Amino acid sequence: MIKIGRVTVSLEMREAYLDDRLLQVGSRAFDILELLIEARGKTVTKDEILRRVWPHSVVEENNIHVQLSALRKILGADKLTIRTISGRGYRLTVPTEGNEAAALPGAAQGGQTGATRLNGLPVCHAPLIGRDGAIAEITRALNGTPIVTLLGPGGIGKTQLGIAVASSIAAASDLEVCFITLAAVDNAQGVVSMIAEALGVGRAADDVTLHSLVAAVQGRKLLLMLDNCEHVIESAATVCELLVQASADLRILATSREPLRTRDEKFYWVAPLDTPDAEAGSQAILASSSVRMFLAQMRALNADVETDPGSLEMVATICRRLDGVPLALELAASRAAVFGIRKTVSGLDDRFQFLTGGRRTAPPRQQTLEATLEWSYQLLGATERIVLHRLGIFPARFSLEAACAVAACERLSSHEVMEAIVGLASKCVVMTTFDSKTKEYFLLETTREYALRKLYESDEGDEVLTRNATYLAPFYEPPYEQPYGRGFRAATLGNSLAAESVASR
Ligand SMILES: Nc1ncnc2c1ncn2[C@@H]1O[C@H](COP(=O)(O)OP(=O)(O)O)[C@@H](O)[C@H]1O
Ligand SMILES: [Mg+2]
């Protein structure tokens with residue numbers, strides 16, 4: 001479902017609703033609406049409309065105007081979301097509400113939405129589930145700090161959250177918004193060129209210098225959303241710092257698996273969606289955001305959704321085992337829509353094989369669970385990779401001390417292990433907890449399975465288990481037996497390990 005102001009649109013069903021009332025949208029008007037939605041805020045030319053809506057006939061341009069005015073009439077109070085770009089075509093802007101945005105540079109007076117410009121900002125598809133608090137908090141952070149970075153592992157929802165924040169700010173202010181994804185660039189010049197293009201400086205290498213970017217942001221009330229900074233982190237950091245120092249009216253909302261570490265930056269760790277407890281009843285299960293997202297995703301695929309207590313418990317298990325990570329839930333829901341919930345639960349034992357087949361339109365790194373992990377893994381240093389493999393043996397939280405005992409060896413000092421863990425935590429591959437007196441770490445279950453597979457492939461499994469057994473021995477009554485036996489096999493180790501809270505002592 002897609003929200004355009006107060007109107008909700010289902011592209012799958014080709015239906016639009018105002019509140020709960022079905023709106024009468026003619027087929028041609030709906031085609032145009034669909035085209036505008038697919039363009040994600042970009043201008044759709046009249047030619048594109050003619051080709052899509054009247055593919056087999058030559059018609060007067062006037063027909064477009066007729067359909068457009070019908071569409072605007074249907075949208076009623078939200079008709080201004082379809083803007084006419086003089087001489088070129090039409091573009092969709094999406095107003096949403098956001099009080100926090102009122103304090104930002106360029107905030108609209110008296111709550112009026114000004115001439116918002118959403119350069120390339122994707123349209124918010126279905127409202128984000130479980131993120132209202134986060135949207136308000138991030139918007140507040142942008143009031144006081146020029147750069148806010150959304151951090152978290154792949155698939156946790158950074159991009160969607162960033163888009164929702166930017167849309168909400170744009171709707172409540174006349175701030176110009178530029179959406180830039182750095183996923184496809186791999187060097188400093190690429191970063192500069194992408195930003196330059198979005199700012200309207202031009203892209204030709206000769207025209208584009210840092211100086212031209214600085215000139216382009218001055219005098220503009222601007223929010224830059226810089227998506228996917230992690231693989232060009234240094235270049236992104238340099239440009240961001242330079243730009244915010246050049247203009248007090250500039251805000252940057254970055255997403256990354258690692259902090260930019262610039263002078264004027266606040267971090268926001270994007271949390272997984274909440275998951276139901278093991279003892280949760282049907283009501284509590286249905287109230288949890290991961291379950292709501294999973295079920296919404298299944299419904300969007302027109303799957304039959306059973307909500308009897310047995311089915312709900314299985315859904316809760318899926319959400320827990322996927323740690324509430326939205327991308328994993330989305331992949332699992334698409335499997336459940338085909339194979340059913342029961343088969344999906346058992347499929348999670350081999351999640352990398354099972355959770356494939358993401359949306360065709362998603363970037364390749366989001367098409368499968370494994371590809372998401374691979375993208376992060378490629379960004380790790382050699383020592384970080386080795387340490388990650390070894391940390392895979394921890395089924396629950398672990399302390400730095402336990403990690404060093406297990407991961408350090410003759411070839412790798414404790415100091416190097418510590419450095420690697422700090423690196424892994426800052427890249428959001430290892431998660432950190434702050435809720436105890438001492439800092440503890442853990443791996444999301446999917447990351448852990450991935451690490452275990454790599455450990456197994458590296459043939460280091462037995463060695464690491466032996467070190468773990470030696471470390472754990474004093475915590476047990478003698479004689480201590482190694483819990484997993486020798487002949488380590490990642491596949492059997494996978495989910496069969498009991499939670500070893502002692503590992504974190
Ligand atoms: N709160 C949410 N509610 C519904 N779907 C979500 C939510 N967060 C993320 N998603 C979906 O999960 C997938 C991964 O989210 P994305 O923002 O691309 O993650 P990231 O940028 O952290 O890799 C996307 O397809 C997105 O639509
Ligand atoms: Mg992203």
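Arg385 lies over the face of Tyr377, at 4.7 Å from the ring centre, where a charge counts as sitting over a ring if NZ of Lys or CZ of Arg is within 6 Å of the ring centre and within 35 degrees of the ring normal. Lys343 is placed over the face of Phe339 in this sense, at 5.5 Å from the ring centre. The model is a predicted one, in which local features need pLDDT of at least 70 and side-chain atom pairs count only at pLDDT 80 or more. Residues are numbered from 1 along each chain as its sequence is written, and side-chain values use heavy atoms, with hydrogens and water left out.

A pair of aromatic rings is described by the distance of the centres and the angle of the planes. Rings of Phe, Tyr and Trp (its six-membered ring) pair if their centres lie within 6.5 Å, and planes under 30 degrees apart count as stacked, over 60 as edge-to-face and the rest as tilted. The whole structure holds 6 aromatic pairs. One of them joins Tyr377 and Tyr450 edge-to-face, with 5.5 Å centre to centre and 75 degrees between the planes. This pair links distant parts of the chain, since Tyr377 belongs to helix α15 (residues 369-378) and Tyr450 to helix α19 (residues 445-458), 73 residues apart; helices here are DSSP runs (H or I, at least four residues), numbered from the N terminus. Both Tyr377 and Tyr450 are buried, a word that means under 20% relative accessible area, with a 1.4 Å probe and protein chains only.

Why is the pair of Phe394 and Phe398 stacked? The ring centres of Phe394 and Phe398 are 4.5 Å apart and their planes stand at 20 degrees, so the pair counts as stacked. Phe394 is buried, with a relative accessible area of 2%, and Phe398 is buried at 0%.

Notes. Chains are lettered from A and ligands numbered from 1 in the order in which they are written. Helices (H or I, at least four residues) and strands (E, at least two) are DSSP runs, numbered from the N terminus. Buried means under 20% relative accessible area, exposed over 50%, partly exposed in between (1.4 Å probe, protein chains only).
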